[in-house]
Structures are given as structure tokens and as C-alpha cells.
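Please read the briefing below alongside the model, moving from the chain as a whole to single residues.

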Amino acid sequence: MKKLFTILAVLLALLIAGCGSPGQTTQQSKEDKQIKIIQTALGCTNETAKKSYEIMKAVEMVPFTEVKAFHENKKDAWKITVGKLFVSALGTKDTGFTAVQAEGKMLYENGKVLLKASDFLVTQTEADKCRRRAQRVVKEKLKDPDSVKFDDKNWGTKKENGMYIAQGVFRANNSFGAYVMNYYTATIDKEFNDKSVKI
């Protein structure tokens, strides 16, 4: 009887160890695919590809769909497609990525993370919140707020130094009653409170 319990305990332990959580298995599979994309593009070892993947993960530039080689100033470089964004990386097949840049900003260089995607990229949700907040504040500053019409095609939001900068175009009646076009720039903090608005 004791032998039967021992066998059952061993089988149960093996079953539990083999199952793992489905989320971990799926996550590991996604990471393995990303590492394989890098390994194929660089022609490097799996270890070098893993190191490069960890760099991309640290600067919040995963998942990516493609890594393509090109040459920049006679250095090995790669163009990495992350959603609609193109990221460039420098390095060699022996070192992997040694520098990563996006939107004209250096994210990783000399073994250090300098910026993460969340430091300068604005999500659609953040942009929408900033636009609504900026438009509400612009209306409050106008003499005839009921006359304002915002141009939903000409607006944008960027992130600088932990603040959002929302810019756009609107038309409204001025103090002479003329319907004129104006621009606004609003600085909004990370809690979506306005700090300043210029019209």
C-alpha cells in the first residue's frame, strides 16, 4: 500500500510539474519566436539573440514583427518593425544589439537603457484624453465658447519630460464677432490635468 501511495505521489508531482501555467507556456512561446526572428536576421547564436531580445524588451519595443539588415555608415544595422513604428539597432552578429533608436531618440547605448517607449510614445487612449482635456480648457478661455468648432483632423499629442503636449486647430468667434481659425497648445500632466494652454 505504501508503495502505491509513493507511485501515485510521484505521478502527481510529475503531472503538476509538466503542466505549468498556460500563460507561462504561451508567453515563453512568444518570446522564443521573437528570439528566433533576431537570430535569423543577425545570423547569431541563440544566446546573442536572447541578449538582444532582452534589450528590446527593456526599452519596451516588443513585440516586433520583422528585423531587416541594412548598412549605416559602414556599420551593421537593423530595421525593426514594431507595430507602425520603425526602430533601428546597431551591433554585430557577435555582440547583438549595442544601440537602439526610435523616433530620433536613443533608447539604448553603451549597455544602458536611456529611454523606454512609454517615456515618449503616446497611446491612443492617452492622446484622446489629452485632446478632450485640452479642448475643454480652450473652450473655457474663449469669449464665445458656444461658437468653437475643433478640427478633428488637425491635432496631435506628444510626450516630453513626463508631460503631454496637445496641439490642435479650432475656429471660433473673436471679440469682433468674426469667425476665425486659431491654434492651441496645451501642456497636460500625467494625471491629465492641464498645466498651461496657449491660444
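The protein chain exposes about 13,000 Å², and carbon and sulfur atoms supply 54% of that area; accessible areas come from the Shrake-Rupley method with a 1.4 Å probe, and for residues only the protein chains shown count as cover. This is a predicted model, in which local features need pLDDT of at least 70 and side-chain atom pairs count only at pLDDT 80 or more, while totals for chains, interfaces and linings use all residues. Residues are numbered from 1 along each chain as its sequence is written, and side-chain values use heavy atoms, with hydrogens and water left out.

**Overall make-up**

- The protein chain holds five helices and ten strands, where helices (H or I, at least four residues) and strands (E, at least two) are DSSP runs numbered from the N terminus.
- Of the 199 residues of the protein chain, 32% count as buried; buried means under 20% relative accessible area, exposed means over 50%, and partly exposed lies in between, with a 1.4 Å probe and protein chains only.
- Among the contacts in the protein chain that link residues at least 6 apart in sequence, 40% join residues at least 24 apart, a contact being heavy atoms within 4.5 Å.

**Cysteines**

- The count of disulfides comes to zero, with a disulfide taken as a pair of cysteine sulfur atoms within 2.5 Å.
- C44 counts as buried because its relative accessibility is 9%, and C130 counts as buried because its relative accessibility is 0%.

**Aromatic rings**

- The count of aromatic pairs comes to five; rings of Phe, Tyr and Trp (its six-membered ring) pair if their centres lie within 6.5 Å, and planes under 30 degrees apart count as stacked, over 60 as edge-to-face and the rest as tilted.
- One of these pairs is formed by W78 and F97, whose ring centres are 5.9 Å apart and whose planes meet at 50 degrees, so the pair is tilted.
- This pair links distant parts of the chain, since W78 lies in strand β2 (residues 75–82) and F97 in strand β4 (residues 96–102), 19 residues apart, and both W78 and F97 are buried.
- F170 and Y184 also form a tilted pair, because their ring centres are 6.4 Å apart and their planes are at 35 degrees.
- With F170 in strand β8 (residues 163–173) and Y184 in strand β9 (residues 179–188), the pair ties together parts that are 14 residues apart in sequence; F170 and Y184 are both buried, and together with F150 they form one aromatic cluster.

**Charges over rings**

- K79 lies over the face of F86, at 4.7 Å from the ring centre; a charge sits over a ring if NZ of Lys or CZ of Arg is within 6 Å of the ring centre and within 35 degrees of the ring normal.
- R131 likewise lies over the face of W155, at 4.9 Å from the ring centre.

**Helix α5**

- The 18 residues of helix α5 (residues 124–141) should span 26 Å at 1.5 Å a residue, which agrees with the 26 Å between its end C-alpha atoms; the expected span is 1.5 Å times one less than the number of residues.
- The buried residues in α5 are E126, A127, C130, R131, R133, A134, Q135, V137 and V138, and they pack against β7 (149–160), β8, β9 and β10 (194–198).

**Loops and backbone geometry**

- Most residues other than glycine have a negative phi, and most peptide bonds are trans.
- The peptide bond from V62 to P63 is cis, with omega near 0 degrees, and P63 lies in the loop between α3 (46–58) and β1 (66–72).
- E103 is not a glycine, yet its phi is positive, near 55 degrees; E103 is placed in the loop between β4 and β5 and is exposed, with a relative accessible area of 52%.
- G104 lies in the loop between β4 and β5 (105–109) and is exposed, with a relative accessible area of 64%.
- N110, in the loop between β5 and β6 (112–113), has a positive phi of about 50 degrees although it is not a glycine, and N110 counts as exposed at 68% relative accessibility.
- D189, in the loop between β9 and β10, counts as buried at 7% relative accessibility.
- Leaving aside its neighbours within four places in sequence, D189 is in contact with M163, Y164 and K195; the C-alpha atoms of D189 and Y164 are separated by 6.2 Å, although these residues are 25 residues apart along the chain.
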